[in-house]
Amino acid sequence: METKILSTNDEDIALAGEILANGGLVAFPTETVYGLGANALNEEAVKNIYKAKGRPSDNPLIVHIAYKEDIVPLVKEVTPKAQALIDAFFPGPLTIILPKSDLIGKVVSGGLDTVAVRMPINEVANKVIKAAGCPIAAPSANTSGLPSPTRAKYVIDDMTGKIEAIIDGGDCEFGVESTVITLATDTPTVLRPGAITKEMLESVIGKVEVANAVLHGMKDNETAASPGMKYKHYAPKARVVIVDADRKTYEEFVNNQKGAFALCFDEDEVSVPRVNYGSENDDLSQARELFDALRRLDEMGAKTVYARIPRTTGVAMAVYNRLIRAAAFTVIDLTKPFTLGLTGQSGSGKSYICKKLKERGFNIIDCDEVVKNIYDTNEALVKSLCNEFGDITTDGKIDRKKLGNIVFNDKSKLERLNGLVHPAVIDRCVSLSKLPSVLDAPQLFEAGAQDKCFKTIAVLADEKTRLERITKRDNISQEQAKNRLSSQFSEDYFKSHCDFVIYNNDDNDIDREIDDILHSLGF
């Protein structure tokens with residue numbers, strides 16, 4: 001198919017309207033992003049939108065109108081709240097969902113009994129709809145899943161040869177799609193945030209909720225009631241990972257990632273290749289630049305991109321909503337002192353896993369070494385331990401073997417030891433933390449340190465292997481080793497309380513297990 005590239009003059013606008021009226025597809029600019037339009041009342045024409053985009057047919061489309069009163073025949077009723085929003089925000093970047101009339105077919109509605117309607121303020125879009133003489137169904141004019149186009153060149157890249165015409169109307173003003181609010185629920189609910197914020201809506205119609213899927217994704221059995229609710233959306237070809245961190249921590253982290261690209265704010269100081277998406281304190285600039293930035297990363301050949309996290313309020317909620325989907329909900333939380341918490345039973349081989357993680361660039365914080373240091377330097381703690389457990393020193397220092405023989409055979413004594421030692425150990429570990437870090441903590445859960453870790457990993461091995469390792473390592477009898485294991489959490493406990501499990505038996509492919517975990521986390 002030959003795709004005509006049209007200008008915004010009256011003759012080309014008229015041609016675009018004629019193409020749409022006759023069942024063809026035309027891409028045109030709006031104030032949000034470029035839309036891919038078809039006659040909303042022509043089911044066959046609308047089906048061609050899905051074909052051109054490669055879009056799932058259960059994803060509803062937005063119907064665009066030229067006049068406020070054009071919504072009336074498309075819905076069962078224009079409710080008082082709907083009218084109030086129309087009066088306040090039409091034309092503009094707001095989409096309203098209401099129960100649909102019989103004029104709207106199942107293809108446009110994605111099989112739902114509702115329809116999404118908006119009236120664009122962009123002059124070119126408005127003229128195109130008027131020239132067509134019918135409501136226009138129009139999702140973003142991109143290949144499904146890729147970033148929405150805010151410039152004509154991206155529409156040309158994606159749609160040439162697939163549709164009849166593209167109108168080059170310059171850059172879009174807002175850069176993210178319209179806010180979508182449904183009035184088909186008991187409480188008006190934002191399904192997709194945009195330039196019209198929750199606060200702006202509430203100033204007109206009162207209480208408005210935000211759907212859980214806006215910031216956290218759809219549940220497995222949840223139906224998409226609005227465009228843009230799917231799990232992965234707006235994504236470039238590059239892998240995007242969001243980094244939840246303050247500016248300094250983000251800079252330190254991304255500058256240490258070999259081969260990575262940064263998707264960051266204007267103010268950020270990074271040494272890796274970068275693409276900016278606005279200013280940290282200017283939500284509108286972030287919205288305007290995001291999709292273009294994602295496209296440019298692909299043009300630069302980026303493979304892995306670490307994105308600085310935006311806020312989740314105001315217009316920035318829309319930015320976060322798009323970015324979290326571009327990242328397929330992959331977020332590294334560096335607000336915690338420790339990136340990973342590594343734990344497990346004695347003899348499972350945690351030190352070997354730590355060695356492997358160190359090779360991959362992680363800073364290892366060994367709780368056992370920290371304990372030794374505290375035993376050697378903290379006189380007040382030594383005195384408290386001797387008062388509690390008797391003479392457990394050799395040459396004036398804590399003899400860990402003596403102490404172990406006492407506490408590992410008595411659960412209550414072990415708990416008393418933990419209560420005295422753990423707070424000092426965790427405080428010291430936090431002071432040593434340097435991201436990305438691994439807290440090697442056999443007693444991670446006993447110390448309550450799991451909440452200070454982004455994710456936790458349990459290292460497990462079968463009992464026979466663990467007993468062999470312990471007796472050889474510590475030069476103790478098998479009975480002593482069994483007593484030690486009996487005082488620890490069970491394998492089932494670690495499996496149910498940790499985010500990941502590594503089985504460190506002799507026949508396991510440990511490197512693959514570690515790499516799979518790190519890849520899923522965004523490293």
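Leaving aside its neighbours within four places in sequence, which residues is Gln286 in contact with?

Analyst: A caution before the details: this is a predicted model.

Start with the contacts. Leaving aside neighbours within four places in sequence, Gln286 touches Phe265, Tyr277, Gly278, Ser279, Glu280, Asn281, Pro310 and Val319. Gln286 itself sits in helix H10, which spans residues 283-299. Its relative accessibility is 1%, so Gln286 counts as buried, the cut-off being under 20%. One contact can be described in more detail. A polar atom of the Gln286 side chain lies 3.2 Å from the backbone oxygen of Glu280.

Stay with helix H10 for a moment. Asp292 and Arg296 both lie in it, 4 residues apart, about one turn of the helix. Their side chains meet in a salt bridge, 3.2 Å from N to O. Asp292 is buried, with a relative accessible area of 4%. Arg296 is partly exposed, at 28%.

Now compare a bridge elsewhere. Asp171 pairs with Arg151, with the closest N and O atoms 3.5 Å apart. This pair also links distant parts of the chain, here 20 residues apart. Asp171 is in the loop between strand E8 (165-167) and strand E9 (179-182), and Arg151 is in the loop between strand E7 (136-137) and H6. Asp171 is exposed, with a relative accessible area of 53%. Arg151 counts as partly exposed, at 30%. The model's salt bridges come to 25 in all.

The largest nonpolar core has 46 residues. Those with the most contacts inside it are Leu36, Leu85, Leu94, Ile96, Ile181 and Leu201. The elements that give two or more residues to this core include strand E3 (35-39), helix H3 (80-89), strand E5 (94-99) and helix H7 (198-205). Helix H2 gives the most, with 5 residues. Leu201 shows how the packing runs. Beyond its neighbours within four places in sequence, its contacts include Leu85, Phe89, Leu94, Ile181 and Val208. In soluble globular proteins, nonpolar side chains tend to be buried together.

In H14 (residues 379-389), the buried residues are Leu381, Val382, Leu385 and Phe389. They cover an arc of only 100° around the axis, which puts them on the same side of H14. An α-helix has 3.6 residues a turn, so residues three or four places apart point the same way. On the other side of H14, Glu379, Ala380, Lys383 and Asn387 are exposed. The partners of the buried residues include helix H13 (367-377), helix H15 (400-407) and helix H16 (411-432). Strands E19 (393-394) and E20 (397-398) are also packed against. Gly390 follows H14, and its phi is positive, near 90°.

Definitions and conventions:
Residues are numbered from 1 along each chain as its sequence is written. This is a predicted model: local features need pLDDT of at least 70, side-chain atom pairs count only at pLDDT 80 or more; totals for chains, interfaces and linings use all residues. Side-chain values use heavy atoms; hydrogens and water are left out. Buried means under 20% relative accessible area, exposed over 50%, partly exposed in between (1.4 Å probe, protein chains only). The arc is that of the directions from the helix axis to the C-beta atoms. Contact means heavy atoms within 4.5 Å. A polar contact is a pair of N or O atoms within 3.5 Å; within protein, one must be able to donate a hydrogen and the other to accept it, and residues adjacent in sequence count only if both atoms are side-chain atoms. A nonpolar core is a set of buried Ala, Val, Leu, Ile, Met, Phe, Trp, Tyr and Cys residues joined through side-chain atoms within 4.5 Å. A salt bridge is a side-chain nitrogen of Lys or Arg within 4 Å of a carboxyl oxygen of Asp or Glu.
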